[in-house]
Each structure stands twice: as structure tokens, then as C-alpha cells.
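Q: I am new to this structure. Can you show me how to read it, one feature at a time?

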Amino acid sequence: MSLQERKQRERADRARLIVATTRELAEQQGWDAVTTRRLAERIEYSQPVLYSHFRGKREIIGAVALEGAGEMAAALRTATAAADGPRARVVALARAYLEYAERNPAVYDAMFQLDGGLAFAREDTPAPLKDAFAALLESLGEVAGEGVHPALFTETVWAALHGLATLTRAGRLPPEHTGHRVELLVDRLAVL
């Protein structure tokens with residue numbers, strides 16, 4: 001391995017360490033606890049080293065969001081691959097989405113609540129975000145119904161799932177009824 005390849009690998013490893021440490025700190029203590037000073041202390045590098053990878057907290061949030069989008073897409077595809085039939089796929093998708101949001105609240109916030117400097121629903125939307133939407137569209141597009149644009153239907157169901165995730169987490173909806181809400185959402189919105 002050449003010296004340049006080793007330096008590139010070390011740089012990539014440091015960037016992954018910064019993102020992993022950010023996620024850990026945000027999940028444990030919330031996003032307000034994430035500062036560049038605290039991250040530099042935790043990863044045992046100076047703040048200038050951290051800034052050589054990311055221009056600031058906003059960019060780090062964006063990196064966490066992109067990583068989370070990739071994870072969510074994989075979780076949705078795994079859940080729907082095992083389901084038999086369109087209705088079962090949509091139910092599996094909805095449950096996997098809500099479970100991901102519940103298990104990874106700080107990452108979910110980075111993806112959908114915080115400013116990570118990422119473009120959504122535009123030409124320059126980063127590939128992981130497009131792929132996460134595609135993972136939703138794969139199952140929801142097939143049940144949109146005749147004359148309904150699959151992407152618009154997917155956006156509508158996504159908005160409903162996001163609402164369920166955020167309202168449940170905020171204590172506005174009792175979590176014990178999540179399964180019933182998913183069934184109602186699927187039965188009332190999807191043409192099955």
C-alpha cells in the first residue's frame with residue numbers, strides 16, 4: 001500500500017469515527033450536547049483536525065443523515081423482502097420505518113428535523129436520500145391505485161409515517177396503539 005493510499009484510508013477512518021462519535025453522543029445526550037469541542041475531545045483529535053473533515057456541526061449532521069438514510073433504506077428493503085403480497089409489504093414497511101425512527105431518534109432527527117445542509121426532492125439530492133425514498137416507493141408505488149401518481153402517494157404515506165413517528169416520540173400519541181395505527185393507515189390509504 002502506498003503512503004498516499006494509507007493516508008486516504010486513515011482520513012476516511014477519522015471521518016467515520018467523527019460520524020460514529022457524533023451519533024453516539026447525540027443518541028445519549030441529544031443534539032445540543034454535540035459540539036465540535038466535545039467531539040474533538042471524544043475522538044482525541046484537535047478541533048482543526050475535525051474541521052479538516054467537516055466545516056462544522058451542520059456538515060456533521062448532514063453526514064449522520066446520509067448514513068441514517070442508507071441504514072433506513074436497507075431496513076425497509078429487508079422488512080419488505082420477507083413479506084408476502086402488497087398489503088403485507090406495506091405493513092412491514094410502515095413497521096420498519098417506525099421502528100427505525102424509535103431505535104435511532106437522534107439519527108432520525110438529523111435526517112428530517114435538523115439542518116444538515118442537504119437538498120431534498122431536487123436534482124442535487126444526495127444518493128442516499130434518493131435511495132431511502134426509492135425504498136419507500138418500491139412498496140408504496142404498487143398500491144397507489146389507478147390514476148394516482150406513485151411518488152405523490154409515497155410522499156403522502158411517508159408524511160403520515162413521519163407524523164406517527166414524531167408524535168409518538170413526543171408523547172402526543174400512546175405507543176401501545178402504534179400497531180393499530182399502522183393497520184388503519186394501510187387499510188384506509190392503500191388500494192389493496
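A: Start with one residue. Thr-21 counts as buried because its relative accessibility is 9%, and the cut-off for buried is under 20%. Keep in mind that this is a predicted model.

Q: Where is Thr-21 placed, and which residues is Thr-21 in contact with, leaving aside neighbours within four places in sequence?

A: Thr-21 sits in helix H1. With neighbours within four places in sequence set aside, its contacts are Leu-39, Arg-42 and Ile-43.

Q: How do I read Thr-35: buried, partly exposed or exposed?

A: Compare its area with two cut-offs. Buried is under 20% and exposed is over 50%. Thr-35 has a relative accessible area of 36%, so Thr-35 is partly exposed. Thr-35 belongs to the loop between H1 and H2.

Q: What separates the C-alpha atoms of Thr-35 and Ala-74?

A: A distance of 29 Å; along the chain these two are 39 residues apart.

Q: What span should the 25 residues of H4 have?

A: Count 1.5 Å a residue, using one less than the number of residues. For H4 that gives 36 Å, and the end C-alpha atoms are 36 Å apart, so the two values agree.

Q: Which residues of H4 are buried, and what do they pack against?

A: The buried residues of H4 include Ile-60, Ile-61, Val-64, Gly-68, Met-72, Leu-76 and Thr-80. The buried residues of H4 pack against H1, H2, helix H3 (47-53), H5, H6 and H7.

Q: How do H4 and H5 pack?

A: Look at angle, distance and handedness. Helix H4 (residues 57-81) and helix H5 (residues 86-103) pack at about 145 degrees, and their axes are 8 Å apart. The crossing of H4 past H5 is right-handed.

Q: Which residues meet there?

A: From H4 come Gly-68, Glu-71, Met-72, Ala-75, Leu-76, Ala-79 and Thr-80; from H5 come Arg-89, Ala-92, Leu-93, Ala-96, Tyr-97 and Tyr-100. By type, the contact has nine nonpolar, two polar and two charged residues.

Q: How many residues are in the largest nonpolar core?

A: The largest nonpolar core has 49 residues, and Trp-31, Leu-76 and Tyr-97 have the most contacts inside it. The helices that each supply at least two residues of this core include H1, H4, H5 and helix H7 (127-140).

Q: What does Leu-76 touch, not counting residues up to four places away in sequence?

A: Leu-76 touches Leu-93, Ala-96, Tyr-97, Ala-132, Ala-135 and Leu-136.

Definitions and conventions
Residues numbered from 1 in each chain as written. Predicted model: local features only at pLDDT ≥ 70, side-chain atom pairs only at ≥ 80, totals over all residues. Heavy atoms only, no water. Axes fitted to C-alpha atoms, helices over the stretch in contact; angles between N-to-C directions. Helix = DSSP H or I, 4+ residues; strand = E, 2+ residues; numbered from the N terminus. Left-handed = near helix turned anticlockwise from the far one by under 90°. Contact = heavy atoms within 4.5 Å. Nonpolar A, V, L, I, M, F, W, Y, C, P; charged D, E, K, R; others polar. Core = buried A, V, L, I, M, F, W, Y, C linked by side-chain atoms within 4.5 Å. Buried < 20%, exposed > 50% of the residue type's maximum accessible area, 1.4 Å probe, protein only.
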